[in-house]
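These are my notebook entries on one structure. I list what I looked up, in the order I looked.

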Amino acid sequence: MQRELRLDNVGRRHSLRGPWVLRGVDLAVAPGTLVRVEGANGTGKSTLLRLIAGIDAPTEGRVTGRPRTAYVPERFPSALPFTALAYLIRLGTVHGLSRRQAAGAAGQWLERLGAAGYARTPMARLSKGSSQKVAVAQALLGEPELLVLDEAWTGLDAGARAELERAVAERTAAGGAVVFVDHDPGRLAGAPDATYTVRDGTLHRRERPATAPAGPRVTVRVQGPPGGRLPADAHRIAALAEETAPGTHLLTVPASHSDVLLRTLLTARPPWHVVSVATEEPHGPEDRR
Ligand SMILES: Nc1ncnc2c1ncn2[C@@H]1O[C@H](COP(=O)(O)OP(=O)(O)OP(=O)(O)O)[C@@H](O)[C@H]1O
């Protein structure tokens, strides 16, 4: 993702004289960042996410810098006349993949989300959870520069929930941006670069998370090749990076991001040696970022 998506003085109402759902919204979503959006029921979170995803247009104001975007809506239209795989291949080609690439990516995402067994099931016959996996897969298969997730974890089983957290970490590590709403305050705890609350028809940035728990973190001690510099991707993923001795680095990441960090280090050229991995529970407010 090269540019930041910007919302400038954006407002949305659904009819000419109807109430404004949102007004005066300014937001910049920079490449590589994870943004959480919170707010009480009916305050306009989904409205905002549809504007960010580009499937709805503002009544006033401007949205600029649109990157390649994918979206998991709050309600996914599952009664479609396709099998899960056929639907994903079709969506993949819409996202610019060849049929072959789309089939490969679709199979891979269904496998990762634990839904490979449903590939040939008609969408209309899928359970709510399985159809949610297809909704998630369709957004991930084109490796979007901006991923917009509206309650995307709802209805997923534990394995798929963890896989989606990993996918978010992968997207941001690759320089993409992710904007999400989730009712669980512990979702991707400690990972968002910014948290916003929708309140009174507009967006408020929360400078320091007050209520969201920081969540468990993982510290990874790594040793680089002689004279090696910490890979840039690892720097980006890590919340904290400290060189504790020449060539030895202590990296701290939210637990949801640890797999992606380890993969980045182990697949670096030349690879880094992982000396130790430890999970830390948060201690209290001073531990939050
Ligand atoms: N297409 C529409 N036409 C008219 N009003 C709408 C439309 N879509 C949303 N609204 C109204 O806009 C307001 C905000 O809705 P929105 O779904 O964005 O809230 P939300 O914060 O996502 O809610 P929830 O937490 O319950 O999902 C609500 O009052 C809703 O009734």
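Which residues in α1 are buried? I first noted that the model is predicted: local features need pLDDT of at least 70, side-chain atom pairs count only at pLDDT 80 or more, and totals for chains, interfaces and linings use all residues. Residues are numbered from 1 along each chain as its sequence is written.

Entry 1, the helix. I found Lys45, Ser46, Leu48, Leu49, Leu51, Ile52 and Ala53 buried in α1. Buried means that 20 or more other C-beta atoms, placed from the backbone, lie within 10 Å of the residue's own. Helices are DSSP runs of H or I with at least four residues, strands are E runs of at least two, and both are numbered from the N terminus. Because 7 of the 9 residues of α1 are buried, the helix is largely enclosed by the rest of the structure. After α1 comes Gly54, with a positive phi near 85°.

I listed the residues around the ligand, among them His14, Lys45, Ser46 and Glu74; the cut-off is a C-beta atom, placed from the backbone, within 6 Å of the molecule. Helix α1 (residues 45–53) gives the most to this shell, with 3 residues.

Entry 3, the sheet. I traced 3 strands in an open antiparallel sheet, in the order β2-β1-β4. Strands pair if DSSP finds at least two bridges between them. The edge strands, β2 (20–29) and β4 (60–64), each pair on one side only. Strand β1 (residues 5–13) pairs with β4 over 4 bridges, and Gly11 has Glu60 in β4 as its bridge partner.

Key:
Buried ≥ 20, exposed ≤ 12 C-beta atoms within 10 Å, placed from the backbone.
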